[in-house]
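Thank you all for coming.

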Amino acid sequence: IDHPEDYTALIRDLKESDRLPDNIVHAFNVLVRNQPTPFDKALKTGYLSLLYLVQALSAERVTRHIQVGIFSNDMFNITGYERIEPALATIHGLSKVVAQEFPNLVCRDIDVSLPHTMGNELSELAKRLLLEFVDRDRQMSIAYRGKRRWVQEFEPFALEVSNPTSGYLQEEGVYLITGGLGRIGLKLANYLANSVRARLVLIDAFDFPAADQWDKWTEQNGAQDVTSIKIKRLQNMKNAGAELLVLKADVSDKEALSAAFGQAVQQFGRIDGIIHAAGIVGTHAFKSIPEIKEEDWRSQFQAKVYGALNIADIIADREVKFVLLQSSMSSILGGLGFGAYAAANAVLDALANLQNRLGKTQWICVNWDGWNFEETNMPTSGLGSEIAQLAILPDEGVAAFERIFSYLDLDQIIVSTGDLKARVHKWLQIEAAKKEDQTPETGGELHDRPDLPNPYVEPETDLQKQVAAIWQKLLGISQIGIYDDFFDLGGNSLMGTQLISELRDAFQVELPLRSLFEDPTVSGVSKIIEQERSEAQEGEMAKVEDLLKQMENMSEEEAKKILEQKKGKNQR
Ligand SMILES: NC(=O)c1ccc[n+]([C@@H]2O[C@H](COP(=O)([O-])OP(=O)(O)OC[C@H]3O[C@@H](n4cnc5c(N)ncnc54)[C@H](OP(=O)(O)O)[C@@H]3O)[C@@H](O)[C@H]2O)c1
């Protein structure tokens, strides 16, 4: 588990000996646990082992269709009584992204409750689990509790406008916001300042000028400077009657966070509620699975997860009415490039659930769709427009907060700007969506090339012609130029994963998903295929040279034996 290179060696060995499986059972996380597992330990058997396995399949360019059954216990909260290990939720976030980035891999999360006896009940459970591999109903999240099989469904629920002070908020309440100088943090602080004249503790990771330096800062750096803009917002909050305390602390550092809490209590006497909005977003949060390195998943878990775990520890003996966690739609729907981000958010979802069993503070987890803070700059075409259509505008986000604060006792709220059931079907029941999408809506008839900003340039090389033919079939468009943008041609991100899968099948190369986002044209993708092919060839050449070197030192008998083995394998 500690050695990613072992996973690669295993997959390489299976591939070279032609024994790659059709099914993989990932069962590191089925364990009898008598006490909570330390987070980092559960992370190893959970997130990291799945990550390394998929990275190994990708590194070895495995394009074969494989079903991955990811078994666990203590992951899903079904009955309300089972133990929950929040760290295991990381696999749940990651597995959705695996299935999206690698359409040849079908993942199922199957959480069981272990029977009390090791006899019939256990073999009965084992039989049912094996059936999950053959009797497929396209569900990705499944739980077994006793003889019952549970699957996850979402139902819409309208939160009516109400008065937040009849719920969680109170006039002049003391609210601590981690990531308080970030976009959502500041927006929410502004709402609290104006609605209840809150006393606000804003914690962030960077140095911010002290209040008596604000005017001087703005004078020296101009009103358009990022810090000056934040200063202006803070001054407006003060004018609305709020009191402010801005502190620097890394929320993943328990001592630093605890000291900041101490300062807040010293100044305001108590803390009524906490909004955990510290996190790393934007391009840092976006890495395809093969690209995820330790620093990437660590940076995702740092503020969001370790910050939330620290908050839980620090407030264990304090009277805090609520903790509001900012999770994201990625833990529900996955998302290309969100292999670490979705996992971190999934932990928040599970943690809220767990904490509500343990203490008197109400934990609420909100899974937000993406917010759009640049309404004036919304893309109207390409992949950006697909995302922008569903984005939450800041004032809409605040209106949602207002409703959330009005309702007591909700553990988790998903704020979906689109029909969630349809999105789940599209993104998670990916096999089904894939089959339905295979025939273009034209019923095989091809559309004309749409009006595009760039002129049509005919494919020249054989490779470009083959790539263009695959695009044509997938998009249902008769003529595709080598500089036409996949997303301008009507491709969406789901079709993108399908395209990558078909290209991998056709050319037997491991194409990184990001190749489609960096240069989504026939020309760009063809270049990457060429590059991948030549790298693969170089790898093969290096192996041959290595073998020749070994053979130089062998007896004729030994060399013959090795050649015969290789011949036998090639004929299989
Ligand atoms: N924006 C969205 O569309 C969206 C959607 C769903 C969920 N969310 C979640 O909502 C939260 C806030 O998002 P946002 O858009 O407001 O992001 P943001 O503008 O980047 O704000 C996050 C703030 O957290 C700070 N931070 C990062 N690491 C920290 C640490 N270790 N200790 C203390 N502060 C730290 C950041 O400081 P630096 O700037 O110095 O890094 C930043 O000021 C995030 O958890 C995000 O995942 C956002």
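Predicted model: local features only at pLDDT ≥ 70, side-chain atom pairs only at ≥ 80, totals over all residues.

Let me start with helix 5 (residues 183–196) and helix 7 (residues 226–239), whose axes come within 9 Å and cross at roughly 15°. Residues are numbered from 1 along each chain as its sequence is written, and side-chain values use heavy atoms, with hydrogens and water left out.

Helices (H or I, at least four residues) and strands (E, at least two) are DSSP runs numbered from the N terminus; axes are lines fitted to C-alpha atoms, for helices over the stretch in contact, and angles run from 0 to 180 degrees between N-to-C directions. Helix 5 and helix 7 are therefore roughly parallel to each other, where angles under 35 degrees count as roughly parallel, over 145 as roughly antiparallel, 65 to 115 as roughly perpendicular and the rest as oblique. Helix 5 passes helix 7 in a left-handed crossing, that is, with the near helix turned anticlockwise from the far one by less than a right angle, clockwise being right-handed.

Which residues of helix 5 and helix 7 meet? From helix 5 there are Leu-186, Ala-189, Asn-190 and Ala-193, and from helix 7 Lys-230, Arg-233, Leu-234 and Met-237, contact meaning heavy atoms within 4.5 Å. By class, the residues of this contact of helix 5 with helix 7 are five nonpolar, one polar and two charged, with Ala, Val, Leu, Ile, Met, Phe, Trp, Tyr, Cys and Pro counted as nonpolar, Asp, Glu, Lys and Arg as charged, and the others, Gly among them, as polar.

Turning to the second pair, the axes of helix 2 (residues 39–59) and helix 9 (residues 294–315) come within 14 Å and cross at roughly 145°, and their crossing is right-handed. Helix 2 contributes Phe-39, Asp-40, Leu-43, Tyr-47, Leu-48 and Leu-51, and helix 9 contributes Trp-297, Phe-301, Val-305, Tyr-306 and Leu-309; the contact of helix 2 with helix 9 has ten nonpolar, no polar and one charged residues.

Now to the ligand, which is surrounded by 26 residues, the closest being Arg-183, Ile-184, Lys-304, Tyr-341 and Trp-371, where a residue is near if one of its heavy atoms lies within 4 Å. Among the polar contacts, which are pairs of N or O atoms within 3.5 Å, a polar backbone atom of Ile-184 is 2.7 Å from an oxygen atom of the ligand, and a polar side-chain atom of Asp-204 lies 2.9 Å from a ligand oxygen atom.

Finally, the backbone. Most residues other than glycine have a negative phi. Arg-61, however, in the loop between helix 2 and strand 2 (66–73), has a positive phi near 55°. Asp-74, which lies in the loop between strand 2 and helix 3 (89–101), has a positive phi of about 65° although it is not a glycine.

Technical notes: Polar contact = N/O pair within 3.5 Å; in protein donor to acceptor, adjacent residues only side chain to side chain.
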